[in-house]
Amino acid sequence: MEQLAKRLGLRTDPTIFFVSAGCMIVFLIALLAAPEQIRDIFASGRSWIVTNLGWFFIFGVNSWLIFLLYLAVSRHGRIRLGGQDAKPAYGNLSWFTMLFAGGIGTVLMFWGVAEPISHFSNPPYDEVEPFTVEAARDAMGFSIYHLGLHTWTIFTLPGLAFAYFIYRYELPVRVSSVFYPLLHDRIYGPIGKTIDIFAVLGTLFGVAVSVGLGTSQINAGLTELTGISDSVISKVIIITVLTSVAVTSIVVGLDKGVKRLSNINIGMATALMIFVLVTGSTVFLLRGIIETVAIYGSNLVPMAFWNDMLAQYTSENGGWGWQGNWTVFYWTWTVSWSPFIGIFVARISRGRTIRQFVLGVLFAPSLFTLVWFAIFGWSAMEIDGIGAEARAALGEQAGALSAAVEESVPLAMFAFFEHFPFTTLIQGLAVVIVAIFFATSSDSASLVVDMLCTGDADPGPVRQRVFWGVSEGVVAAMLIVLAGEAGLNALQQVITVLGFPIFLLVFAMVFALLRALGSESISKTQVAEPPRVDEL
């Protein structure tokens, strides 16, 4: 494999590169040949994991959040990632925009209206009536719970672990490096390479699902705007165009490509949010932002530790009820992204202290998420009708958005904008924002996969980076063309199952970090240089 890599002009670990690429191709062939069978097999695996280990995911993410907050306020918070004299490579604003765009920008655009309306019309708690004031409060609380502190906890923990071991101990830019305190030199052997291959595949398939969802939303928006058909050909053209944009950004590099796209997009997304605030029920929404802080804060602990344990008595089908299809699925899907987002966040965070890293990555995007959902979510529920009196006053217009979401989740945001001025212009802007979020997620993922294969923070050869960028687009396009919805559904089941071993890896990062941090000698006035690697 080394000779083949040299002939192809690659600078990479041949085992990780070729095994990952081979597994991707073999699985894709199997998925395209028998999507229904593959989906059923992995659906059974997902069902077993959710039913028997759902509690473990709930417990795990909560324990990670507590651990991160402990590190931030402890003496270890003064440790600088990259040495005592290291300076941040990016200003706070650029750092935040890259965090957001590389993380869950596409998710907020996709679910900003759809998730609150979904919970509003189908409340998580059995005793709550749909479309009531109580249902609206719960809908807002759960939406932010799913995409706030807990989601960013799943990204922050591996991100911190990567940054610590890569910058403090100059280990390769790979997931396996985090486990040096536990595995030592075995990170360079079969065990370490297996860990990195899992991380590469999790990133590829996790991004492919998001590409499929993002393409569906863009196609829905273009259908609303131009009347073009919501068809396979349209989706393939969309993927081709956006993959081209992502590949161009990959070639340009992180500083010029991802940074520039991120800054542009966060500006447009913020402008869109302000437009909804100003042209909607402004006073109602300003009050809603403040009250949403209280809703989230007062319900965070009950929501975070709710295990739906009584579903077997309250749900017709028993099992995990509502939460198994939402919270547990969210955590398994999100954790499949964690190697990608974690390494990307580590790559842009050199020079920051552990305290700055944890508090910045946890709270800055979570605060933006809270404001985003408060504006879009409350607006959507007000349009749909909150409470019996409001719905009676709306007449036939009551429930319009909830019906649109039930019919097509990708269309939710565009149906929402029909209730605002300059509808066509705003819908067009939304399509552009989703497209750029898609491009930044794709090129960020490609750069990270390349790092996982090379073990180096410096970019590999252009052809190498382009290969991974094109692969993400090809996987999504082939699934849509040859397997349709069955293929995407099967892939969603696969990444849920694949998320379990990655979840275990992230859990192990806690113990690796604790062991390494225990070797640090930290005075009250300064941070010492890290101990030698052989002391871990």
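Colleague: At roughly what angle do the axes of helix 2 and helix 10 cross?
Modeller: Bear in mind that this is a predicted model. The axes of helix 2 (residues 14-33) and helix 10 (residues 190-226) cross at roughly 45°. They come within 9 Å.

Colleague: Is the crossing of helix 2 and helix 10 left-handed or right-handed?
Modeller: Right-handed, for helix 2 and helix 10.

Colleague: Which residues make the contact?
Modeller: From helix 2, Thr15, Ile16, Val19, Ser20, Cys23, Met24 and Phe27. Helix 10 brings Lys193, Asp196, Ile197, Val200, Leu201, Leu204 and Phe205.

Colleague: How do the residues of that contact divide into nonpolar, polar and charged?
Modeller: Between helix 2 and helix 10, 10 are nonpolar, two are polar and two are charged.

Colleague: There's a cysteine in that list. How many disulfides does the count come to?
Modeller: Zero disulfides. Cys23 is in none, and the nearest cysteine sulfur belongs to Cys453, 12 Å away. The cut-off for a disulfide is sulfur atoms within 2.5 Å.

Colleague: Is Cys23 buried or partly exposed?
Modeller: Cys23 counts as partly exposed, because its relative accessibility is 32%. Cys453 is buried, with a relative accessible area of 0%.

Colleague: New topic. Where is Lys235 found?
Modeller: Lys235 sits in helix 11, which covers residues 232-252.

Colleague: Buried or exposed, that Lys235?
Modeller: Buried. Lys235 has 11% relative accessibility, and the cut-off for buried is under 20%, so it counts as buried.

Colleague: What does Lys235 touch?
Modeller: Leaving out residues up to four places away in sequence, Lys235 touches Thr215, Ser216, Asn219, Asp230 and Ile480.

Colleague: Last one. Where does Ile348 lie?
Modeller: Ile348 is in the loop between helix 16 (327-347) and helix 17 (354-384). Ile348 counts as buried, because its relative accessibility is 1%.

Colleague: How far is the C-alpha atom of Ile348 from that of Tyr90?
Modeller: The C-alpha atoms of Ile348 and Tyr90 are separated by 7.1 Å. Along the chain, Ile348 and Tyr90 are 258 residues apart.

Definitions and conventions: Residues are numbered from 1 along each chain as its sequence is written. This is a predicted model: local features need pLDDT of at least 70, side-chain atom pairs count only at pLDDT 80 or more; totals for chains, interfaces and linings use all residues. Side-chain values use heavy atoms; hydrogens and water are left out. Helices (H or I, at least four residues) and strands (E, at least two) are DSSP runs, numbered from the N terminus. Buried means under 20% relative accessible area, exposed over 50%, partly exposed in between (1.4 Å probe, protein chains only). Axes are lines fitted to C-alpha atoms, for helices over the stretch in contact, and angles run from 0 to 180 degrees between N-to-C directions. A crossing is left-handed if the near helix is turned anticlockwise from the far one by less than a right angle, and right-handed if clockwise. Contact means heavy atoms within 4.5 Å. Ala, Val, Leu, Ile, Met, Phe, Trp, Tyr, Cys and Pro count as nonpolar, Asp, Glu, Lys and Arg as charged, and the others, Gly among them, as polar.
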